[in-house]
Structures are given as structure tokens and as C-alpha cells.
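Here's a quick briefing to read alongside the structure. Have a look at it first, then work through the points below.

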Amino acid sequence: MRLTASLSGLIVVAALSNCKHQDGSSYIKHDFAAWDDMEDTPYTWADISAADFMAQSRHPLTPYPNSSPRQQRLNAWMAAIHQEIKTLNPKLAAPEPKIFLVKNDEANAYVSPATACLPIEIIYKGGQASANNSTNDLVFSRLIEPMQIYRGPRLEDTKAPCHTLNIAENDLAIALKMVFGEQYRCLSKPNKTSQMAYRAELDLNCAGPIWTERLSSFARAPRVRFTQIANQIVVHDKLFEMSEGQLVAVLAHEAGHYYRAHGLSHARTYDFFYKLDEKHNISSRPTPLTSDEEISSLGIKVTGKDGRFLALYGLPNQNWHSLIYLGIAVSATSLPNLCSDADCNTQCLDLARHMQFAAISAPNAPLSSFPWTPAPKTNEAKAFYQKFEQLLESCAAKIPITADNELDVGAWFKNWPIPDQIEVREPLAEKNILNALKKLNKQADAMINERNSEVFALYEKANKARLGLYTAEQEADEISLELITRLGLPAKDAITGYIFLSRSTESERPKNVSIPGKLNAAQCEAALNKGFPEFIPIADYSDSHHSSCFRAYNLWRETKAHEGDMSKITPQQSEPKLDSALWRRLQVNRT
Ligand SMILES: [Zn+2]
């Protein structure tokens with residue numbers, strides 16, 4: 001059996017978007033008022049209590065008490081941001097986001113998904129649905145709109161906590177339409193079975209072959225699970241080392257992710273290439289390059305879209321090369337399929353679950369973006385990695401090399417989304433996958449060094465060509481700039497915040513790969529102080545955030561592009577206002 005793996009969310013797609021351009025007369029680049037495509041999907045967001053949020057968190061959180069002055073100050077800012085958004089777009093259904101302030105020495109803040117359970121029993125009809133009596137929650141993946149039913153080998157973990165949506169009969173259809181998408185028409189009208197509980201029938205034949213294939217082994221689903229955007233925004237208290245304005249800019253960036261529901265990859269398109277002007281940003285969203293332009297095909301290469309290799313970072317005392325970690329991270333859900341007995345299946349499911357939590361592309365995963373960015377030096381990250389090694393060894397030792405996969409563990413690797421850099425340089429005829437992996441592990445360094453030099457030559461080319469890549473992160477940055485202007489804060493706070501983050505990352509994460517064109521915090525600060533005399537490239541094409549210095553540079557360019565427009569904004573007059581004396585007290589008093 002072949003391994004298939006998908007890197008959705010990780011590898012960027014060169015989308016030829018039909019993104020809406022604002023007309024030239026508008027000063028608003030990110031037209032908050034035009035965010036009307038979400039007005040009838042209030043279930044995009046979870047209005048979730050702190051306790052429910054914590055129960056669903058995949059890693060330990062040490063929250064501040066509600067009464068904390070720090071927490072209250074940030075909530076006041078977030079309320080002001082929400083007020084601003086509601087004024088600009090009264091129809092937006094997103095509930096007010098709350099700050100979930102935690103003790104953590106890594107400079108980070110993030111918006112998280114949350115799993116909702118709809119108390120509706122779904123009886124399957126058609127297909128071979130009635131052949132047995134087994135049940136399983138019907139799980140919709142959070143990947144792409146429209147939501148899709150889960151693909152993995154029952155990794156949905158139907159025991160994982162979810163928050164129950166107590167939903168009135170009148171609102172049920174709205175939620176079901178959003179979750180089922182086109183397949184809503186295959187669902188019978190729900191009956192109320194008790195207070196806030198419902199039942200409906202789903203015709204699998206109507207829903208289509210994927211549904212018949214995945215759901216025919218079940219007779220019914222006791223409930224429906226789907227992912228929402230939690231209205232609890234996690235902020236690490238390390239960020240209190242920033243100035244108040246810088247931290248408010250971070251909140252505004254997270255607000256951009258939150259209101260735009262970036263975590264659900266809404267139908268809007270991101271991740272398209274464009275050509276950066278040498279001096280300024282343009283005032284509208286950039287125009288995507290068409291795929292046949294040379295610079296665009298260069299972009300496809302440097303973002304790994306063509307399956308080529310990107311720079312990989314390592315960890316101290318690592319037994320397994322990052323290349324192996326990456327391969328397993330993206331293909332773990334398929335590993336149980338290679339098992340031929342129950343014991344193997346159990347071990348490999350454990351590994352798959354663990355790696356699912358790694359969710360390389362999730363901002364709150366313990367090893368988020370690793371190995372494409374250095375791993376954080378936190379105990380959590382270390383423990384997570386160690387557990388990976390343990391689980392990998394027990395799973396791989398149990399996967400036999402059979403007629404199916406023996407020919408070619410090399411080809412097996414080539415099915416990973418990082419093909420090509422794995423060359424099998426000696427025969428890998430082994431009894432199990434573990435031994436084969438061990439051989440590859442030994443060869444990995446040499447392969448990587450060869451590939452890195454080739455890839456970095458491409459990076460240099462992309463830098464020189466001023467290749468731009470418009471990501472959700474870039475949009476969130478640009479939204480934050482506009483929001484803080486509306487709150488009456490200086491734009492420079494958003495810009496210098498990235499110097500702080502850059503410096504902080506340099507001290508937190510050991511660095512063992514240097515990316516061409518990437519400036520460190522000191523170099524970036526010097527460039528900023530001189531008014532960025534030189535063009536700053538994206539440099540880090542594999543990270544949707546781009547390099548910190550590019551982020552600072554991009555926002556600096558935004559202020560130039562919107563100079564006239566920004567001055568037309570009348571800042572919100574209400575509280576809070578920057579208060580340096582209060583902020584100094586909050587910085588010192590860590591409660
Ligand atoms: Zn972000």
C-alpha cells in the first residue's frame with residue numbers, strides 16, 4: 001500500500017484568485033464593511049467559555065485569573081477593536097473575542113480552532129448503511145470551505161472534548177447548511193427528539209461516492225462534529241515585554257485572523273504570488289501573477305509547491321533527522337494502513353494521533369512550523385519531540401516490509417510531498433520499515449546539504465526578482481496596521497513590534513540554517529532607522545509569516561502607500577488610550 005500524504009495548509013497554492021479589488025478612490029485596502037460573505041454563517045465562530053476552551057486545548061495552558069489587571073487591560077483593548085469592527089460592519093456575526101492570557105516565555109499569540117458538537121443524530125440511508133449497527137460521530141474536517149467529512153483512518157477521536165451547541169430549532173438549518181454544504185439537500189428535515197436534541201436522515205447515495213465510501217460502515221452518527229474559530233485569543237505573557245502599542249498591534253493582528261476566519265481557510269484566496277514594487281506597496285491588494293510568468297514559477301519552486309526541498313532545522317540531541325520527522329508528520333495518518341495486525345495498528349494510531357496534534361501548520365502546535373523554522377526551546381516542544389521518537393520507533397518496528405512496499409521504500413518516500421531529495425543510495429531490503437528508516441536517517445544529512453545549496457540559489461533568485469507572496473499572515477499584518485490607526489495608535493508600534501519579535505525569536509530558537517536575504521533583529525532595526533534604503537526581500541518563503549524584517553518593511557511600505565488615507569481616519573475617541581505609567585506597572589507586576 002502506498003502512503004499518501006497531504007500538506008494542505010503547509011504548502012502554498014499559487015491561486016489565480018479573483019480577489020476583489022477596491023476601487024482607487026477608497027482609502028481602505030481591507031474593506032471591513034465588505035466582509036459580508038460571513039453574515040449568514042454565525043457558526044463560523046465559537047462563543048466558548050474559558051473552561052471549555054481549556055478542556056479542548058491540546059497543550060497545557062497556565063491562565064491568569066480573570067481578575068488579573070493584565071488580562072483586564074488586554075480585554076479592554078480587544079473590546080475596543082471589536083467595537084471598531086462592529087461600527088464598520090454591523091452585520092458581522094462574530095462574537096466579541098476574549099483574551100486568554102497565559103504564563104509562557106515564548107513570544108506568541110494565536111487564534112485557535114474549537115470543536116463543536118451538534119446534538120443531532122444522523123441516520124444513514126442508501127449505500128450499505130443499514131448492513132450493520134455501528135456508530136461514530138460524523139466529523140467534518142476544518143480544512144477548506146465547504147467543509148469535508150474527515151478523510152483519515154478514524155483519527156477523529158470521537159471522545160475528544162467538544163462544546164455542545166445548544167441550538168434552537170429555527171437556527172438548526174443555518175448550522176446544518178454551513179456544515180453539510182451542498183449535501184444539505186440530501187438531509188431530511190430534522191425532528192426534535194427531546195429538548196435541544198434532533199434526528200435526521202442522510203441519503204448517502206444522494207451525497208455522493210466519497211460519503212458512501214467513508215460512511216457505509218456505520219449505521220448512524222450520534223452527533224455531528226465540526227470546527228469553529230474560538231473567540232478566546234491566547235496571548236503569552238512574554239509579550240508584556242513589548243510596549244503597550246506594540247502589544248495592541250499584536251492583538252489587532254490576531255483580530256485580523258479571527259474576523260477573517262483564516263483558520264478555516266475561507267473561500268477567499270490567499271497564497272498568491274505578485275511582484276513587489278521596488279519602493280512602495282500599492283494601495284489595493286496586489287495583483288496575482290498568472291502561473292505562466294517566470295517569476296511565478298520561481299515562486300512555486302521556493303515555496304515547495306513543486307515538491308522540492310526547503311531548508312530544514314534541527315533539534316539538539318535528535319536521533320531522527322528532521323527530514324524523517326517531516327515525512328512522518330505529513331504521512332502519519334496513513335501509517336496504520338500499512339499494518340497487518342492489531343498491535344501494529346494500535347501503535348501506529350498512537351503515532352498518527354500524536355502527529356496530528358503536531359499539525360505543523362497550526363499556530364498553537366508544540367512544534368508549529370518545525371522543521372521549517374527552528375523549534376522553540378520550551379519543555380513542551382522537547383517533550384513533544386521525544387514522544388515522537390518513541391512512538392515512531394514502536395510503530396515502524398511493527399510495519400512489515402511486504403510485497404507491496406518492499407520494492408521500494410525509496411518510492412514510498414517519494415510519495416511524500418518532499419520527493420526527489422530522498423535518493424535511496426543503497427538497497428533498503430529490510431524486514432521492517434524501522435530498519436529502512438534507520439538507513440535513510442543516516443543518509444539524510446548529505447542529501448540535505450546537497451539540496452540546500454540548490455534551493456538557496458533559487459531563494460536568491462526570488463529575492464532579486466522581488467517575488468511577493470500574499471498570505472493570510474500578511475493580510476492580518478495589514479489589517480492590524482489599519483485597526484491600530486483607527487484606535488488612535490501610531491503605526492510605528494506595529495512596525496517595531498516585529499523587531500521585538502525577531503529579537504525574541506533569535507534568543508528562543510537555536511538557528512542552524514541561514515536563509516539568504518534574511519536580516520537579524522539588529523540589522524533590521526538599523527535599516528528601519530535609516531528608512532529602509534535597501535529593498536528587503538521576503539527571504540523566508542516557507543513561512544507564511546515571512547521573515548520578521550520583511551513584515552516590518554511591508555508595514556512601513558503600507559504606511560507610505562496609505563499616507564494620505566490614514567490621515568483621513570478619525571481615531572476612536574473612547575477608552576482605552578495608551579498609558580505608559582499604567583503599562584510600566586503592568587510590566588512589573590506580573591499578575
Ligand atoms: Zn498570524
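Strand 8 and strand 9 (residues 197-203) pair up antiparallel, over three bridges. Keep in mind that this is a predicted model, with the protein chain averaging a pLDDT of 80.

**The four-stranded sheet**
- Within the pairing of strands 8 and 9, Asn191 sits opposite Arg199 in strand 9.
- The sheet they belong to is open and has four strands, ordered 8-9-4-10, with mixed pairing.
- Strand 8 (191-194) and strand 10 (220-221) are the edge strands; each has a single partner strand, so one side of each has no neighbour in the sheet.
- As a reminder, strands of a sheet pair through backbone hydrogen bonds, in either a parallel or an antiparallel sense.

**Helix 2**
- How far apart are the end C-alpha atoms of helix 2 (residues 69-88)? They are 29 Å apart, which agrees with the 28 Å that its 20 residues should span at 1.5 Å a residue.
- The buried residues of helix 2 include Leu74, Trp77, Met78, Ile81 and Ile85, but Arg73, His82 and Glu84 are on that list too.
- Among the elements covering those buried residues are strand 2 (98-102), strand 11 (224-236), helix 6 (244-259), helix 14 (472-486) and helix 19 (580-588).

- In soluble globular proteins, nonpolar side chains tend to be buried together.
- The largest nonpolar core here has 106 residues, and Ile81, Val235, Val248, Leu251, Ala252, Ile484 and Ala552 touch the most other members.
- Which helix gives the most to this core? That's helix 6, with nine residues.
- Leaving aside residues up to four places away in sequence, Ala552 touches Ile495, Tyr498, Ile499, Cys524 and Leu528.
- Another core, of 38 residues, lies apart from the largest one; Leu338, Leu349, Tyr385 and Leu391 are among its members.

**Ser340**
- Look for Ser340 in the loop between helix 8 (322-331) and helix 9 (342-358).
- Ser340 and Lys398 are 58 residues apart along the chain, and their C-alpha atoms are separated by 8.7 Å.

**Confidence**
- A pLDDT of at least 70 is reached by 81% of the residues.
- Residues 151-155 stay under 50, and the model gives them nine contacts beyond four places in sequence.
- Residues 404-427 are also below 50; this stretch has 48 contacts in the model beyond near neighbours in sequence.
- Where pLDDT is low, the predicted coordinates should not be read in detail.

Key
Residues are numbered from 1 along each chain as its sequence is written. Helices (H or I, at least four residues) and strands (E, at least two) are DSSP runs, numbered from the N terminus. The expected span of a helix is 1.5 Å times one less than its number of residues. A residue is buried if 20 or more other C-beta atoms lie within 10 Å of its own, exposed if 12 or fewer, and partly exposed in between; C-beta atoms are placed from the backbone. Two residues are in contact if their C-beta atoms, placed from the backbone, lie within 7 Å. Two strands pair if DSSP finds at least two bridges between them. pLDDT is the predictor's confidence in each residue, from 0 to 100. A nonpolar core is a set of buried Ala, Val, Leu, Ile, Met, Phe, Trp, Tyr and Cys residues joined through C-beta atoms within 7 Å.
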